Amino acid sequence: MNYRLDHIALLVRDLDESVAFLTGVLGLAEMPNPMGGTTIRWIEIGDGRRFHVQAGDIGRVHVEKQTHFALTASDFDAVLTRLRRDGIPFSDMKGTAGAINTRPDGMRAIFLQDPNGYWFEINDQK
């Protein structure tokens, strides 16, 4: 049996605030809700990949940087330029503000948090 990832679901405190971060800061696109309704908002990552956010009590959600959502940017340097221009804080894995993490294989990555505390990695994986 073969599987492929269909989607990921994230519980968030405030739908509008979270979608504003995902579309405004990360530059992702909101897509129509395939189920209808307004209690779930769908975000497209690209290549038909997607995830949804829905409002709820996130008080029991434990979040740390090692558990993160990683996205590969087609133009990592443009992302860095935009984040710096807009004053959006990011760090490397150690937490050094404005620093870029570089793996031994050369992949660069940064980390930033959404309004719920979830960590997002943006990288230039080839």
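**View 1. The exposed face of helix H2 carries Thr-81 and Arg-85.** These two residues sit on the face turned away from the buried side of H2; exposed means over 50% relative accessible area, buried under 20%, and partly exposed in between (1.4 Å probe, protein chains only). The model is predicted: local features need pLDDT of at least 70 and side-chain atom pairs count only at pLDDT 80 or more, while totals for chains, interfaces and linings use all residues. Residues are numbered from 1 along each chain as its sequence is written, and side-chain values use heavy atoms, with hydrogens and water left out. Helices (H or I, at least four residues) and strands (E, at least two) are DSSP runs, numbered from the N terminus.

**View 2. Phe-76, Val-79, Leu-80 and Leu-83 are the buried residues of H2.** They lie on the same side of H2, because they cover an arc of only 100 degrees around the axis; the arc is that of the directions from the helix axis to the C-beta atoms. The buried residues of H2 pack against H1, S7 and S8, contact meaning heavy atoms within 4.5 Å. Just after H2, Gly-87 has a positive phi of about 70 degrees.

**View 3. An open sheet is formed by 4 strands in the order S5-S8-S7-S6, with mixed pairing.** Strand S5 (68-72) and strand S6 (101-102) are the edge strands, each with a single partner strand, so one side of each has no neighbour in the sheet. Two strands pair if DSSP finds at least two bridges between them. S5 and strand S8 (residues 119-123) run parallel and are joined by 5 bridges. Thr-72 stands opposite Asn-123 in S8. Helix H2 (residues 76-85) packs on this sheet, touching strand S7 (108-113) and S8, and its direction makes about 35 degrees with that of S7; axes are lines fitted to C-alpha atoms, for helices over the stretch in contact, and angles run from 0 to 180 degrees between N-to-C directions.

**View 4. A further open sheet of 4 strands has the order S1-S4-S3-S2, also with mixed pairing.** Its edges are strand S1 (7-12) and strand S2 (29-31); each has a single partner strand, so one side of each is left without a neighbour in the sheet. From one strand to the next, the twist averages 35 degrees. S1 runs parallel to strand S4 (residues 49-55), with 6 bridges joining the two. Val-12 stands opposite Ala-55 in S4. Helix H1 (residues 15-25) packs on the sheet and touches S1, S2, strand S3 (40-46) and S4; the direction of H1 makes about 150 degrees with that of S4.

**View 5. The largest nonpolar core has 27 residues.** Such a core is a set of buried Ala, Val, Leu, Ile, Met, Phe, Trp, Tyr and Cys residues joined through side-chain atoms within 4.5 Å. Leu-22, Leu-26, Leu-112, Phe-120 and Ile-122 have the most contacts inside it. Two or more residues come from each of S1, H1, S4, S5, H2, S7 and S8, and H1 gives the largest share, 5 residues. Leaving aside neighbours within four places in sequence, Leu-26 is in contact with Phe-21, Leu-71, Arg-82, Leu-112, Phe-120 and Ile-122.

**View 6. Asn-116 lies in the loop between S7 and S8.** Asn-116 counts as buried because its relative accessibility is 10%. A polar atom of its side chain lies 2.7 Å from the backbone nitrogen of Arg-13. The side chains of Asn-116 and Ser-18 are joined by a polar contact of 2.9 Å, that is, a pair of N or O atoms within 3.5 Å; within protein, one must be able to donate a hydrogen and the other to accept it, and residues adjacent in sequence count only if both atoms are side-chain atoms.
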